[in-house]
Amino acid sequence: MPKWSMVIDLEKCVACQGCSIACRMENNTPVATPEEAWDGREIRWNDVFPMPRAEVGDYPNTKTHYMTRPCMHCENPPCIKVCPVQATFIDEEGLVRQNYDRCIGCRYCTVACPYAVRYFNWYAPEWNPTIEQHLNPQEVSSGSGDREGPAVRPKGVVEKCTYCIQRLDNARQRAEAEDRDFRPDEYVPACVETCTGKARFFGDMDNPDSTVSKLAKSERAFALLEEVGTHPKTIYLQEGE
Amino acid sequence: MLTIGKRDKETLLDPLFRAGRGFYALIGVLIVIMGWGLFMYIRQIVLGLGVTGMDRPAYWGIYMVNFIFFIGISHAGTLISAILRVTQAEWRRPITRIAEAITAFALVVGTLQIFFDLGRPDRVLYLFWYGRLQSPLLWDAVSVTAYFLGSLTYLYLPIIPDVALLRDNLPADAPAWRERLYAIMALGWRGNRTQWIRLEKTIAVMAVLIIPVAISVHTVISWILATTVQPGWHSTVFGPYFVVGAIFSGIGALFIAMTLARRVMHLEAYITDRQYRNLGYIFITMSAIWFYFTYAEYMTLAAGQGAAEFPILASKLWGAFSPGFWAMVLAMVVAFVVLVFPLILPNSWRKYRIFNPRFTLASAVAFGLAMLLLQVPETEDALAGLSLGLSPIALKIIALVAGVLFIVSILPWLKRHLIDAMVIASGLVLIGMWLERWNIIVPTMVSPRLAPSSWYTPTLTEWSLFAASIALFIFMFALFFKVVPAVSVWEVREGRVIDHVHSQEIMPMPEPSLPARGAMRRSLEETEPTY
């Protein structure tokens, strides 16, 4: 059973926000108006933001550190522990998933997540007509027919990065159609595929020979907020000075 | 056929069948406020929670604050009346009904806040269909449901003999629906020996059972916050801290409700100084414990200097949330002073007119002005003339002296008006406890570890629903006490029997010692009869 994991090399990240855009197109996140964004209601499963106290050095020789942040897909996720209706859960491959047809919108998970990677639909989703014609039509189901993944979310539910779980489904189906075994390297999320600086790596952490396993053993590897005990599967490689 | 004394009937039963113009006016105003609230709530359902001031990362706001606040108030009743019943505190008898009604209605209003807060209120039953017992939110659903059912039972049981009394003593012009209602609610109560034994036994069992349930309710609410790893919430002290705060604010609500009932329904003969004095002692105790817990919580945070926790504490002590924090502290300190002094001052203070009202007002104004001038920045030239060239030190001394004079000058008034003092303290405590919940929820919400910090301001929708919630609370109260007497008639009568038996005991008067004879006589004349 593979255990999916992502490694992000901050040394290579150019903060182009390509991952955010790819994620938005792949996963049908609604577009916020400038006013809504100003109110803190924009939804970015994959966010790129300057680090707190990001600017170092004296003007004009300043430097800003950026952070790019998908869901951590923690091995010990605080969000699933507090969900009263099991709308969010961790599957056997380590993906922390969200069931839009189950979520009651109490926002306890958004409060419990120390990384603030969970987003709430304050409004009914809206797109401009061109984007609306090109929404990703896939709807991943959690088995009982409940919608997950890129399925268009109604207002009042919580959503989050799924490591593009629909792509995993597609890869599995393709392997089945071609009557062969599924290989873990057939599946990468959209942000990894699009990354301009090739700063993102994705793969099976259970396989000691995979790229992510090797990178995770690097001296530069660290996890965000290790002190809160969540054991993230999204691992960062530290930026050099 | 159950009978009732003439005076009890006139004061407690007959007003249930009369409603003045004031009553209809009150109901009308409340319905308008609730109607507005309903409109805003429907608007929120249609447009989504975007109409509130909540955002990322401030995912919880005033709805959650009100949820904790109202559920806290609900501890007034059942807990107080249950503990007082179990400990056989005789003075509880006239106020148990009001206390238990607060519990039931505050729970209704508190639970309503969850519906306001949910993104998908249509899926609320999923809590029971798909409930995960590992989630603190479900502990809360279980605990609050149990408490609600328990306190409804506990409210209803002592009502049975009273509605039977009503059934048998209906005025001739009583509407038919009342006749039917009382007949059904009385459950065939005849007041025979078996029925009394059963009722007393059931109430005794309920009184004991409801206490752990009540404590679990606010403990679990605190655990909703404390089981997360968010800075400022992840605290072991939260369980008892919240329970103490809940009982504290509950007694405050009880004081206000019983004073209103006393004034409006003319229950002065039933709810007397004795109730205020004794409940006041419990109130002071809760206040002291509340200060202790608050200090313990913030002191450990301050000493720990945690990288995530300390900035949040700093935002309360001197940052963006300092006005709310210090308003809470001020309200609680003033409430403590207002509570304690009338009770510890000797009775002779009643007659002192140390200063006249004009002096009291002047010292209050002097205090306010001095405090205001202290806030004026020194560089503001336009305002510099206002401070009359007084240095900050002088202003502080003026403020201190004026403040002390103000307190001293109102003390005799507080001593003379014990009930008003209690009500003032209760109002301050309710405000302080609401602010306490605000100070716990919002500062942690707006400064998370990894998202850019934000700001949360409640919108008109949220304030409207808050107002409508309070209106609903008063509405239920007003209607309920037009159906059921505000004082538990049979319990008061039972108390009279007990008092009568006690009065058969005759204590010899102590012989006054010779040198102090004059003083003793004077003090006997001055002292109010104590109960």
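Predicted model: local features only at pLDDT ≥ 70, side-chain atom pairs only at ≥ 80, totals over all residues.
A residue counts as buried when its relative accessible area is under 20%, and as exposed when that area is over 50%.

Helix α3 of chain B is mostly covered, with 12 of its 12 residues buried. The helix runs over residues 62–73 of chain B. Among the buried residues are B:Phe67, B:Phe69 and B:Phe70. B:Asn66 and B:Gly72 are buried as well. The length of α3(B) fits its residue count. At 1.5 Å a residue, its 12 residues should span 16 Å, and the end C-alpha atoms are 16 Å apart, so the two values agree.

Helix α11 of chain B covers residues 238–265 and has 28 residues. From first C-alpha to last, α11(B) reaches 39 Å, close to the 40 Å expected at 1.5 Å a residue. This helix is also mostly covered: 22 of its 28 residues are buried. Just after α11(B) comes B:His266, which takes a positive phi of about 55°.

Helix α2 of chain B, residues 21–47, contains B:Val46. Is this residue buried or exposed? B:Val46 has 57% relative accessibility and therefore counts as exposed, since the cut-off is over 50%. B:Val46 also belongs to a nonpolar surface patch. In general, an α-helix has 3.6 residues a turn, so residues three or four places apart point the same way.

B:Ile159 lies in helix α8, residues 159–168. Its relative accessible area is 2%, so B:Ile159 is buried. The C-alpha atoms of B:Ile159 and B:Pro485 are separated by 8.7 Å, although the two residues are 326 residues apart along the chain. B:Met422 lies in helix α18, residues 418–446. This methionine is buried because its relative accessible area is 1%, under the 20% cut-off. B:Met422 and B:Leu118 are 304 residues apart along the chain, and their C-alpha atoms are separated by 37 Å.

In chain A, A:Arg118 sits in the loop between α4 (108–112) and β6 (119–120). A:Arg118 is buried yet has no salt bridge. Which side chain of opposite charge is nearest? It is that of A:Glu148, 10 Å away. The side chain of A:Arg118 does make a polar contact, at 2.6 Å, with the side chain of A:Thr88.

Note on methods
Residues numbered from 1 in each chain as written. Chains lettered and ligands numbered in written order. Heavy atoms only, no water. Helix = DSSP H or I, 4+ residues; strand = E, 2+ residues; numbered from the N terminus. Expected span 1.5 Å × (residues − 1). Buried < 20%, exposed > 50% of the residue type's maximum accessible area, 1.4 Å probe, protein only. Patch = residues over 30% accessible without salt bridge, like charges linked within 9 Å, V, L, I, M, F, W, Y side chains within 5 Å. Areas by Shrake-Rupley, 256 points an atom, 1.4 Å probe, with all protein chains shown as cover. Salt bridge = Lys/Arg side-chain N within 4 Å of Asp/Glu carboxyl O. Lys, Arg positive; Asp, Glu negative; His and termini not counted. Polar contact = N/O pair within 3.5 Å; in protein donor to acceptor, adjacent residues only side chain to side chain.
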